[in-house]
Amino acid sequence: MAINLEDPKKFRPLVGQAHQVAMNMLRPISRKYDKAEHEYPKELDLLAAMIDGLSESGASEGAGAAGVKRDEAAPDGAVKNGTNLASVMSIAEMCWGDVGLLLSMPRQGLGNSAIASVADDEQQERFAGVWAAMAITEPGTGSDSANIATTAVLDGDHYVINGEKIFVTSGERADAVVVWATLDKSLGRAAIKSFVVPKGTPGMSVERLEHKLGIKASDTATIRFEDCRVPASNLLGSPEVDTKQGFAGAMATFDNTRPLVASMAVGCARASLDLTRELLSQAGVSVDYDRPGLTQSAAAAKLLQLEADWEAAYLLMLQAAWMADNRQPNSLEASMAKAKAGRVGSDITLSCVQLAGSLGYSEAELLEKWARDSKILDIFEGTQQIQQLIVARRVLGLTSAELK
Amino acid sequence: MSLLQTLRPGGRHGIAATETRDPIGYAVAALSRLAQSDLLDRLGLRKQTETAVYTATRGGFRTITAVGRTFAKAGRPGSPGARPAAAPAPGVFDLTPSEDEQLLVDVVTELAAEVLRPAAAEADETCVAPEAVLKAGLEVGLPILGLPESLGGITEERSAVAGALVAEALAHGDLGLAVASLAPGSVATALGLWGSEAQQQTYLPAFTSDDLPAAALALTEPTVLFDVLSPTTTAVRTDDGFLLNGLKSAVPRGGEAELFVVGAVLDGAPVLFLVESGTSGLEVEADPAMGVRAAGLARLHLRDVTVPADAVLGATDGTTYAECVRLSRLAWCALGVGVGQAVLDYVTPYVKEREAFGEPVAHRQSVAFMVANIAIELQSMRLLTWKAAGRAAAGKDIRRDVALARQLCADKGMQIGLDGVQLLGGHGFVKEHPVERWYRDLRAIGVMEGAVLI
């Protein structure tokens with residue numbers, strides 16, 4: 001044991017691979033699918049197959065969202081650098097390439113994280129290889145996900161689902177959708193369960209696709225469920241309504257996915273920083289790290305501040321993933337990472353546009369795109385304000401009834 | 001000098017040189033001068049109030065430096081000294097301190113809570129670190145923390161991580177007292193890192209003894225836009241040594257220090273010089289500041305100070321100096337984390353107990369989110385500091401890591417100090433609570449250079 005915050009040595013090859021993929025496969029088609037919203041990025045099928053191959057060969061430590069399932073404890077209490085760290089680092093690299101395309105990657109959806117987090121062993125096996133989208137948000141329910149109105153009623157050996165879900169990432173393209181629905185609204189959040197609904201199940205229909213500010217390569221669907229029957233065995237985890245455990249089961253997904261969203265913000269922001277650093281250097285501006293920002297140009301001082309904030313987001317992200325790898329509860333740290341990464345992601349990408357002037361604002365460069373893409377990362381999987389609420393409750397030791 | 005000349009407003013009292021006075025202004029200024037003169041006192045027209053204020057809190061009191069011990073020369077001047085080995089680079093991302101480090105942190109945490117914190121308010125007022133506090137630090141072994149075993153220290157490997165953890169834990173008690181306690185050890189660490197065999201054998205025995213000398217790393221200068229890598233203090237070669245001229249500021253315990261490490265430009269590059277107190281041409285003046293007051297900050301005047309040829313500490317090409325600056329900034333970052341944690345630990349119970357509109361103020365998001373942001377940014381500061389410390393321990397280039405940590409700790413640390421006072425409202429503004437002191441102390445991070453080192 002020794003304090004060391006350097007990137008884990010064993011993931012260098014993995015991160016290197018992800019970087020090459022991002023640079024050579026995602027960047028060349030980045031602008032194309034920003035323009036062609038809702039068009040399926042067919043190039044990704046090949047890439048997904050390649051990633052699957054890498055996972056099976058054991059050459060990769062589980063790149064992507066599918067790898068967030070908590071590992072067995074390392075023997076002899078040794079500190080572990082495992083799949084959670086591997087995931088955040090490789091996703092950050094991929095998002096350095098393109099966030100929208102990463103979100104469109106087959107079999108790497110957030111629904112896969114939910115399955116990995118809460119499914120039992122039989123379900124893990126049954127849903128292996130399924131590309132799963134995640135459907136939580138409703139027209140009347142955003143951050144207060146305990147308040148969802150979609151219902152699931154047991155009828156024989158099936159649940160009948162009714163309701164409307166919005167902002168479902170990859171909702172049209174995925175093989176299945178993980179839907180949050182309540183078994184009994186009067187029992188509150190404890191009755192909220194997640195269900196895997198395969199594509200093509202009668203009663204499930206994609207109503208429309210959203211036109212968005214950014215991440216246009218990713219399809220964002222509205223899905224309606226009308227008497228949609230799914231096998232009872234598709235309920236993830238336990239069907240018991242345990243009012244003591246409450247929301248914890250469903251919310252556990254977020255402890256695993258928030259560091260991933262933080263890593264998306266970290267990757268996107270680094271793309272902006274890398275390009276801006278180079279553009280500024282061509283203009284004769286570079287940071288002298290030994291000298292105070294105040295004695296350098298305003299642009300250099302700004303870059304210094306942005307880099308410091310980026311580093312903070314990056315290390316908070318690693319911390320949250322490292323804790324998950326070592327089976328430490330990380331709800332607080334996951335929210336800290338997402339809060340910091342979400343807000344500095346916006347600040348960095350927007351500041352880089354400003355530093356680069358009209359060149360940064362123009363579609364001639366990707367800086368303006370990254371400034372649009374980054375905004376969603378401070379919103380989905382829990383907005384900035386929700387993260388602050390979680391952090392505040394944990395730090396202050398207050399319940400959700402005390403600190404609303 | 002005419003009366004009008006002396007009444008010109010600019011250049012003093014924080015007044016810009018462009019300010020002018022109108023006739024009423026001159027009258028007011030003259031009245032003010034009268035009010036300040038001791039004529040009133042001699043006539044018994046003013047109540048005697050400032051009797052017991054310690055001299056160090058008053059500016060303008062200049063004296064020669066402390067008459068120190070004689071450091072007996074020993075060792076071969078040309079030979080390199082003993083060096084702590086670089087810690088092996090582990091390769092595994094890990095936020096767990098080693099058992100030894102945790103043990104050390106536990107002891108220092110107790111020291112900070114039991115000794116430093118209770119003494120903090122008075123030490124801040126008087127600008128003096130109490131003897132008992134310094135002694136307690138000595139007992140814990142603070143001065144030899146950065147020294148290798150071969151030189152009387154406690155570690156085999158470079159202990160920058162332990163240094164950061166200790167600085168953080170100590171500053172949780174009080175920043176000023178932490179700086180006062182760590183200043184001599186910082187000079188010892190510098191001697192361990194860069195001293196020649198002769199310098200180590202001459203000076204270090206005193207630092208590893210019970211009779212620890214006060215000592216200070218003097219790098220800061222009182223100029224605007226100060227760039228520590230380009231100090232205005234100069235060193236000129238003479239036949240048998242160097243001649244130093246310049247002015248240093250914010251030197252901890254300058255009045256009692258027996259050994260200074262002074263930064264000066266030699267042949268165009270910044271270089272560290274060992275200067276013993278009592279050397280002719282060396283004068284010290286109290287330099288009390290907004291915060292870090294318990295450290296007894298002083299200005300050090302160097303007027304034609306002669307030092308021998310072997311007074312140079314480390315390389316003369318600027319590399320040692322730059323490394324020293326980085327390690328010093330790292331220490332200030334770690335100290336800032338400690339103070340930030342003190343703020344968080346103080347405001348957390350306060351906002352839960354303080355009621356307004358019939359419920360604890362913590363139940364309001366505007367209050368709770370401020371606390372959340374303190375927690376988030378504080379952890380950011382800590383992780384950046386630890387990363388830089390880990391790299392320093394492994395002997396890696398820390399230029400960028402330290403710059404980023406310093407940037408974040410200066411910005412976010414000050415924000416934490418500001419919010420700490422705000423969360424207590426009017427109560428935060430009065431000295432009944434320590435948050436106003438932390439507010440003043442946290443402004444030091446990012447301003448101070450030198451003084452401490454890990």
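Glu122(A) and Arg126(A) sit 4 residues apart, about one turn of the helix, in helix 6 (residues 121-126) of chain A. Helices here are DSSP runs of H or I with at least four residues, strands are runs of E with at least two, and both are numbered from the N terminus. The model is predicted: local features need pLDDT of at least 70, side-chain atom pairs count only at pLDDT 80 or more, and totals for chains, interfaces and linings use all residues. Residues are numbered from 1 along each chain as its sequence is written, chains are lettered from A and ligands numbered from 1 in the order in which they are written, and side-chain values use heavy atoms, with hydrogens and water left out.

## Salt bridges

Glu122(A) and Arg126(A) form a salt bridge, with their closest N and O atoms 2.7 Å apart. The term requires a side-chain nitrogen of Lys or Arg within 4 Å of a carboxyl oxygen of Asp or Glu. Over all chains, 48 salt bridges are found. Glu122(A) is partly exposed at 44% relative accessible area, and Arg126(A) is partly exposed at 33%. Buried stands for under 20% relative accessible area, exposed for over 50%, and partly exposed for values in between (1.4 Å probe, protein chains only).

Two further bridges run between the chains. The side chains of Glu6(A) and Arg391(B) meet at 2.7 Å, N to O. Glu6(A) lies in the segment before helix 1 (12-35) of chain A and Arg391(B) in helix 10 (residues 365-393) of chain B, so this pair joins two chains. Glu377(B) and Lys340(A) form a salt bridge at 2.8 Å, N to O. Because Glu377(B) lies in helix 10 of chain B and Lys340(A) in helix 9 (residues 331-355) of chain A, this pair also joins two chains.

| Residue | Relative accessible area | State |
|---|---|---|
| Glu6(A) | 14% | buried |
| Arg391(B) | 17% | buried |
| Glu377(B) | 8% | buried |
| Lys340(A) | 1% | buried |

Shared partners link Glu93(A), Arg270(A), Asp274(A), Arg277(A), Glu307(A) and Arg400(B) into one network of salt bridges.

## Aromatic contacts

There are 6 aromatic pairs over all chains. Rings of Phe, Tyr and Trp (its six-membered ring) pair if their centres lie within 6.5 Å; planes under 30 degrees apart count as stacked, over 60 as edge-to-face and the rest as tilted. One of the pairs is Trp322(A) with Phe93(B), which is edge-to-face at 6.4 Å centre to centre and 65 degrees between the planes. This pair crosses between chains, from helix 8 (residues 298-325) of chain A to the loop between strand 1 (62-64) and helix 4 (99-126) of chain B. Trp322(A) is buried at 5% relative accessibility, and Phe93(B) is buried at 0%.

Within chain B, the rings of Phe242(B) and Phe273(B) have centres 5.1 Å apart and planes at 65 degrees, so this pair is edge-to-face. Phe242(B) belongs to strand 4 (residues 241-251) and Phe273(B) to strand 6 (residues 269-276), so the pair ties together parts 31 residues apart in sequence. Both Phe242(B) and Phe273(B) are buried.

In chain A, Arg27(A) lies over the face of Trp96(A), 4.1 Å from the ring centre. Such a placement needs NZ of Lys or CZ of Arg within 6 Å of the ring centre and within 35 degrees of the ring normal. Ala271(A), in helix 7 (residues 248-282) of chain A, is buried at 1% relative accessibility. Leaving out residues up to four places away in sequence, Ala271(A) touches Arg27(A), Trp96(A) and Trp370(A), where contact means heavy atoms within 4.5 Å.

## Cores and chain B

The largest nonpolar core has 208 residues, and Trp332(B) and Leu335(B) have the most contacts inside it. A nonpolar core is a set of buried Ala, Val, Leu, Ile, Met, Phe, Trp, Tyr and Cys residues joined through side-chain atoms within 4.5 Å. Helix 9 (residues 319-353) of chain B gives this core its largest share, 19 residues. Beyond its neighbours within four places in sequence, Trp332(B) contacts residues including Leu175(B), Val292(B) and Met448(B). A second, separate core of 22 residues includes Ala257(B), Val262(B), Val275(B) and Leu282(B).

Helix 13 (residues 435-442) of chain B is largely enclosed by the rest of the structure, because 7 of its 8 residues are buried. Among them are Arg437(B), Trp438(B) and Asp441(B). The cover over its buried residues includes helix 4, helix 7 (175-194) and helix 9 of chain B.

Chain B has 13 helices and 11 strands, and 56% of its 454 residues are buried.
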